Amino acid sequence: MAKLRYFDTREESKPAEPRLLTKHSEFLRTGRISRRREDWLPEERRYLTHEEVAEKTARKLQAAGEKTHQSINGFHRAIQFPKMIFHRTLADSPHLGYCHVTASRTKFARYDEVAWAFYIANFYSDIGDNDNFFDNIAVQNSRMYFAVAIKPGESTPEKMVVDRTVRGNGLLFRTNDPQIAIRNILLLGARNEQLRQIIRQL
């Protein structure tokens, strides 16, 4: 696959200065030759490095993570989550990335206690069945909220890995709707059925 190239669009968004339609007619009319660089040389696109793109993506992911954490902790004082925000960009596509927002433990369905982590990504995809965390990335959907069951990593460089014994692939939920995501996180964090009933009615 060809390596992606990125260029700065800020210059292109500026309104263009009016240019002389024909340089020769201006010369014939006034006897002057235009010395303005832009009349003769088109502006070159400034290409961005992958590191610059990754930095921009990281800032956006960090801001989204902070805002989301504030939203879920602002619901009820009985449901509070630790702030554990960090982000990663995809190696070959630094304009794509994901942000870890929080993690906790909960009891639900037939599982006694499940450790889980909540993420935001700026794309939509399937959660992979193997070492690939993401499969079938679809960038036309601009955001994905998801939670996965986690467990300590064994013989891996990662401290925590997806616990695929929960629901077959470890995925607790996945949506592109922020309201559904927040409701699901609140349900995971609710300590009793009374609170869950209130959240379900939202």
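Predicted model: local features only at pLDDT ≥ 70, side-chain atom pairs only at ≥ 80, totals over all residues.
Q: Why is Pro 152 called exposed?
A: Its relative accessible area is 55%. Exposed means over 50%, buried under 20%, and partly exposed in between (1.4 Å probe, protein chains only), so Pro 152 counts as exposed.

Q: What makes strand 5 largely enclosed by the rest of the structure?
A: Of the 11 residues in strand 5 (residues 111-121), 9 are buried, so the strand is largely enclosed. Strands are DSSP runs (E, at least two residues), as helices are (H or I, at least four), and both are numbered from the N terminus.

Q: How do you know that strand 5 pairs with strand 4 and strand 8?
A: Two strands pair if DSSP finds at least two bridges between them. Strand 4 (residues 97-108) is joined to strand 5 by 9 bridges, and strand 8 (residues 144-152) by 6, so both pairings meet the definition. Each pair runs antiparallel. Thr 106 has Val 114 as its bridge partner in strand 5, and Ala 117 has Val 148 in strand 8.

Q: Why is the pair of Arg 105 and Glu 113 called a salt bridge?
A: The closest N and O atoms are 3.8 Å apart. A salt bridge requires a side-chain nitrogen of Lys or Arg within 4 Å of a carboxyl oxygen of Asp or Glu, so the pair qualifies. Arg 105 is partly exposed at 49% relative accessible area, whereas Glu 113 is exposed at 53%.

Q: What makes Arg 174 and Asp 126 a link between parts of the chain?
A: Their closest N and O atoms are 2.9 Å apart in a salt bridge. Arg 174 lies in strand 10 (residues 171-175) and Asp 126 in strand 6 (residues 124-127), so the pair ties together parts that are 48 residues apart in sequence.

Q: Why is Glu 66 called partly exposed?
A: Its relative accessibility is 29%, so Glu 66 counts as partly exposed. The side chain of Glu 66 meets that of Lys 83 in a salt bridge (2.7 Å, N to O).

Methods
Residues numbered from 1 in each chain as written. Heavy atoms only, no water.
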